[in-house]
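Hi,

Here is the structure I promised to pass on to you.

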Amino acid sequence: MPRVLTGNRLETGDVLWWNGSDWSPRIADAVAIGDEGEALVARLVAEERINDPVLIDVTGEPGAFVPTTTRERVRASGPSVRADLARGSLSVEVI
Amino acid sequence: MYRYDQYDQAIVDARVAEFKDQVARRLRNEITEDQFKPLRLMNGLYLQLHAYMLRVAIPYGTLSGTQMRMLAHIARKYDRDYGHFTTRQNIQYNWIKLEQFADLLDDLSKVEMHAFQTSGNCIRNISSDQFAGAAADEVADPRPYAELLRQWSTLHPEFSFLPRKFKIAVIASDTDRAAIQLHDIGLQLRRNDAGDLGFRVYVGGGMGRTPILGQVVRDWIPVGQFLSYSEAILRVYNRYGRRDNIYKARIKILVTELGIEEFTRQVEAEWALLEPLGLDAPQAEYDRIIAQFAPPAFDPAANDDLDLSDPDFRLWVEQNVHPHKAPGYAIATISLKPRAGIPGDASSAQMDVIADLAERYAQDEIRVTHSQNLVLAHVRKSDLYAVWQALEAVDLATPNLDLVTDIIACPGMDYCTLANARSIPIAQKIAAKFENDIAEQRDIGELKIKVSGCINGCGHHHAGHIGILGVDKKGEEAYQLLLGGSGAEDASLAKILGPGFDENGIVAAVDRLIAFYRSARAAPDERFLDTYRRLGPAPFKAAVYG
Ligand code: HEM
Ligand code: SF4
């Protein structure tokens, strides 16, 4: 099962996904992370600029990854009860 | 209302300066997140699913118009234009940015507000009766005593690192509108035959993983000594409360493990040592604080006439307006449970309207209720129609207080990192079945549905006539159904009825429960809870599970 890397930006709390070279606010930009994931997380923890960096399981293809847990789907889409605040990169319907 | 003196303001200013420095050091990477996290939590700042979440304390749920307008300003400037009023009479913002936090704290402190002690293992915001100072049945306004507790517990050096969080509620009537038996300490102000004021003291109530009702540790403590007595309770807890197991750390577990007799003996022994030390506030301080809660100047010419010819207004008056102790006045509850709404949420624009109404018509006071509604406590009856029209214009006049659509729901998995399941959509789906038919809601009568997204119980599901608890069932959201709880003076804990449901299943189950209740009630005014208490769970179980 593919994994992607996510976390929250220290300064803003914004939910972010790793796009291979930088952070993106859209899960649609996320890349699948291979065996290098754990080392990447360890580096990010040490850098102290992203809170709670974590690898999460997703299904689907790059560009349309969908997290396997409801919690991570809510993080990716925005609150399911506020369509007006949706992040746009993952439809609230998939929650 | 209480106004800060120089000491209150100095404490807040010093704490704000301290935390601003801690934030700045974190932003410059001079401290790690592990070092910073406990500091931000002590200042009410959490990291939730979408951003930082800030919880602002509203002492005993009382706000001025100016304070409410500041809460609106904060929602507008630093958040996404809304806030969430909670069951602990506080407000939470869901989209806060750390880099703007220093400015936000400055803004809050300008109106004598702050966010510290809204998280962490300390004495949290003191809660009280939303009708304080207005209810006909109170022996005195409970808020001066809540304010004394606030001052006593603010940065109390001995009680800043308790085994676990600690919640105190204070009321002053036999009707319990603050769920005192579900607090670590519940205080009921009473008057004895000699006319003196004193407290009945409950201890060891709480919800969460192990719900327990508070027990009486002392039937009478004179008001002059209630602070030293509270200190004695906290001391026994601080010394013997369990720090080895977070699930057993609340005072309710200590009281249960020791038994109320032994716990009482220890508190009394501690108090015997403490009381002579003169820890209680001097009479002058009581007088100073009580004077600040002096009743507003009610107009003796205000009369009780009310034109109820507008049927929608009449519905609202019948459902959301309560009698006031002063002739010609009334207590109006503003429902934060509109059609298709989110329980407890209010937009900045709505908060501004409420602030204006409070200043113009309600002696500049607003209250937050533990069922996530707001109250204008002192409204002239002759102004009620104007108030209603203004509320109606911003969707704040839903006439559903205490009815099936007046549902408590915690943020659940739409916002909260600890959640197992979403709470808000369940509340919305249940409400949707009834919200277009107010006559049907009124026929069903008082029905308190309370939804929590996990076992922590922030949505009071254990105190619900119908309680709903979100659980995780192999990665899927699922819901348990509980019946028979009450957070009022007839307090009881709800019990699980049977196997859980998925999202649609729980909504259908509630429907079946209500249909059964309507067919089984002994009289039209027998409440759901009373029918349940009379018949027991078996027929309700049969109605739900067939
Ligand atoms: C979203 C962030 C929140 C977090 C992380 C959180 C965390 C917790 C935890 C861990 C407990 C269990 C305490 C225990 O059993 O020892 C708890 C209980 C509780 N919380 Fe929350 N909560 C949150 C939001 C809320 C909200 C929004 C409300 C009000 C609607 C609230 C009100 C309460 C109440 C009333 C209890 C149960 C009373 C008791 O302490 O026994 N909390 N919370
Ligand atoms: S009950 Fe659970 S899900 Fe709901 S707010 Fe509390 S901690 Fe979060």
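Let's start where the two chains meet. Keep in mind that this is a predicted model. Between chain B and chain A there are 13 residue pairs in polar contact, counting pairs with both residues at pLDDT 80 or more. On the chain B side, helix 1 (6-27), strand 5 (91-96) and helix 13 (424-434) each provide at least two of the residues that touch chain A. Helix 13 of chain B gives the largest share of that side, with 3 residues. Sorted by class, the side of chain B that touches chain A is made of 14 nonpolar, 7 polar and 9 charged residues.

How much area do chain B and chain A bury between them? About 2,300 Å², and 52% of it is on carbon and sulfur atoms. As for who takes part, 30 residues come from chain B and 25 residues from chain A. There is 1 salt bridge between chain B and chain A. You can find it at B:Arg26 and A:Glu48, whose side chains meet with N and O 3.2 Å apart.

Leaving aside residues up to four places away in sequence, A:Ser80 touches A:Val92 and A:Ile95 in chain A, plus B:Asp414, B:Arg422 and B:Pro425 in chain B. With B:Arg422, the side chain of A:Ser80 makes a polar contact of 3.0 Å.

Which of the 23 residues around ligand 1 come nearest? They are B:Thr87, B:Lys167, B:Met207, B:Arg250 and B:Cys458. By class, the shell around ligand 1 holds 7 nonpolar, 10 polar and 6 charged residues. Some side chains to look for:

- B:Lys167 has a polar side-chain atom 2.8 Å from an oxygen atom of ligand 1.
- B:Arg250 has a side-chain N or O atom 2.8 Å from an oxygen atom of ligand 1.
- B:Lys165 has a polar side-chain atom 3.3 Å from a nitrogen atom of ligand 1.

Ligand 1 also has an iron atom, and the protein gives that iron a single donor: the SG atom of B:Cys458, 2.2 Å away. B:Cys458 sits in the loop between strand 17 (449-452) and strand 18 (466-473) of chain B.

B:Cys458 turns up again around ligand 2, together with B:Cys410, B:Pro411, B:Gly412, B:Cys416, B:Leu418, B:Ala419, B:Gly453, B:Cys454, B:Asn456 and B:Gly457. What is the make-up of the shell around ligand 2 by class? It has 7 nonpolar and 4 polar residues, and no charged ones.

Last, back to salt bridges. Over all chains, the structure holds 57 of them. One to look at is B:Arg76 with B:Asp352, where the closest N and O atoms are 2.7 Å apart. B:Arg76 belongs to helix 3 (residues 65-78) of chain B and B:Asp352 to helix 11 (residues 348-361) of chain B, so this pair ties together parts that are 276 residues apart in sequence.

Happy exploring!

Key:
Residues numbered from 1 in each chain as written. Chains lettered and ligands numbered in written order. Predicted model: local features only at pLDDT ≥ 70, side-chain atom pairs only at ≥ 80, totals over all residues. Heavy atoms only, no water. Contact = heavy atoms within 4.5 Å. Buried area = accessible area lost by both parts, 1.4 Å probe. Salt bridge = Lys/Arg side-chain N within 4 Å of Asp/Glu carboxyl O. Polar contact = N/O pair within 3.5 Å; in protein donor to acceptor, adjacent residues only side chain to side chain. Helix = DSSP H or I, 4+ residues; strand = E, 2+ residues; numbered from the N terminus. Nonpolar A, V, L, I, M, F, W, Y, C, P; charged D, E, K, R; others polar. Near = heavy atom within 4 Å. Donors = N, O, S within 2.8 Å, 3.2 Å for Na, K, Ca; no water.
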